[in-house]
Amino acid sequence: MKHAKLGDLDVSRIGLGAMGMSTAYIGPGDDVESIRTIHRALDLGVTFLDTAEVYGPYVNEELVGRALKGHRDDVVLATKFGLISHTGRDGADSSPASIRTAVEGSLRRLGTDRIDLYYQHRVDPRTPIEDTIGALAELVAAGKIRHIGLSEAGVSTIRRAHAVHPVTALQSEYSLWTRDPEPAVLPVLRELGIGFVPYSPLGRGFLTGQIRSVGEIDDADFRRSNPRFSAENFERNLRSADEVGAVAAEVGATPAQVALAWLLAKGDDIAPIPGTKRVARVEENAAADQVTLSPAQLDRLDRIPPAAGDHHNEEQMRMIER
Ligand SMILES: NC(=O)c1ccc[n+]([C@@H]2O[C@H](COP(=O)([O-])OP(=O)(O)OC[C@H]3O[C@@H](n4cnc5c(N)ncnc54)[C@H](OP(=O)(O)O)[C@@H]3O)[C@@H](O)[C@H]2O)c1
């Protein structure tokens, strides 16, 4: 497995997102298979693990913590705070007091004495980013966290944050059907030497071509409330999945591998974190490290039209900085 540099943090260039092991996506699987998936990822050299306090809530960090018993030093462990308030507020809370409580809970659930990369999950409009980063810098100094990250922050917040303490990585949605970071965010990250972690790099499973109709998705699945999975948009978006499939057939790879290889081709400061709770799929996704796309194939993928529908529902879009 090749590696990527996020700021000065070295990570496997394909990571593993643990969210779906506990929440969001309904499908076959259980904790035993999820833990096996994490262990298989480590065997394959996938050492960059992603979770968050809010996944579950809490149980996803506990699951990752159980899986990492005896393996802690083999991974770069990333988690997030800020969508749960520990000060009694409604909604996002990145106040220093909330962070100081959040970090202790995450450390305990993960069974570790330090978090390698600690992200603010969403920008908190009620707390100046300088205050949030100031509190995080104190946690760095105390050795409780090693690196600071942001998620779905816009360029102004990124610049303000980085002026207080170096930001190591931004984690935002980026994939063949979510190109939003390209025009403004990626150039600023490169100017400042900040790495990029694309989340939902497989379009929440859609780009793999494995989901062919909305009816296949459970009513309780998070995707049911995602505009791109509405009946009308889904049909239109299928053309994009088919295009990924056509390139995959040409390359002799799977669509998931092509979606990941396209992201990897965007730079060695990019480390996507595809999510799966299945051993066979973590093997497939990790093997995307070996897939090389030709300039013509990259160009064909670049020309896939924007997806129909926003990448989150309205309420969630309001929490994303543009
Ligand atoms: N910062 C944020 O706000 C934010 C938001 C969303 C996600 N994330 C992070 O990013 C990670 C990845 O994003 P994501 O899980 O939303 O989306 P994703 O990685 O784009 O897709 C995950 C979905 O694709 C399926 N899948 C995975 N590999 C596959 C393959 N090879 N073939 C067919 N289907 C496959 C998974 O199902 P199975 O599990 O059944 O294999 C799951 O339903 C999350 O786990 C989380 O850690 C962060």
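These legends walk through a few close-up views of a predicted model.

**View 1**

**View 1. What the shell is made of.**
Now take in the whole shell around the ligand.

In the side chain of Arg122, an N or O atom is 2.8 Å from an oxygen atom of the ligand. Tyr55 also takes part through its side chain, where an N or O atom is 3.4 Å from a nitrogen atom of the ligand. How much of the ligand's accessible area does the protein cover? On its own the ligand has 910 Å² of accessible area, and the protein covers 96% of that.

**View 2. A salt bridge between Arg179 and Asp302.**
Side chains with opposite charges can pair up when their charged atoms come close. In the whole structure, a search turns up 29 salt bridges, and this view picks out the one that Arg179 forms with Asp302. Their closest N and O atoms are 3.2 Å apart. Arg179 is in the loop between β8 (169-173) and α6 (185-192), while Asp302 belongs to helix α10 (residues 295-302), so this pair ties together parts that lie 123 residues apart in sequence.

**View 3. A cis peptide bond at Pro57.**
Next, follow the backbone from Gly56 to Pro57, which are joined by a cis peptide bond. Omega there is about -5 degrees. To find Pro57, go to the loop between β4 (48-50) and α2 (59-67).

**View 4. Ser200 and its positive phi.**
The last stop is Ser200, in the loop between β9 (195-199) and α7 (231-251). What is the phi of Ser200? It's positive, at about 45 degrees, even though this residue is not a glycine.

How values were computed:
Residues are numbered from 1 along each chain as its sequence is written. This is a predicted model: local features need pLDDT of at least 70, side-chain atom pairs count only at pLDDT 80 or more; totals for chains, interfaces and linings use all residues. Side-chain values use heavy atoms; hydrogens and water are left out. A polar contact is a pair of N or O atoms within 3.5 Å; within protein, one must be able to donate a hydrogen and the other to accept it, and residues adjacent in sequence count only if both atoms are side-chain atoms. Accessible areas come from the Shrake-Rupley method with a 1.4 Å probe; for residues, only the protein chains shown count as cover. A salt bridge is a side-chain nitrogen of Lys or Arg within 4 Å of a carboxyl oxygen of Asp or Glu. Helices (H or I, at least four residues) and strands (E, at least two) are DSSP runs, numbered from the N terminus.
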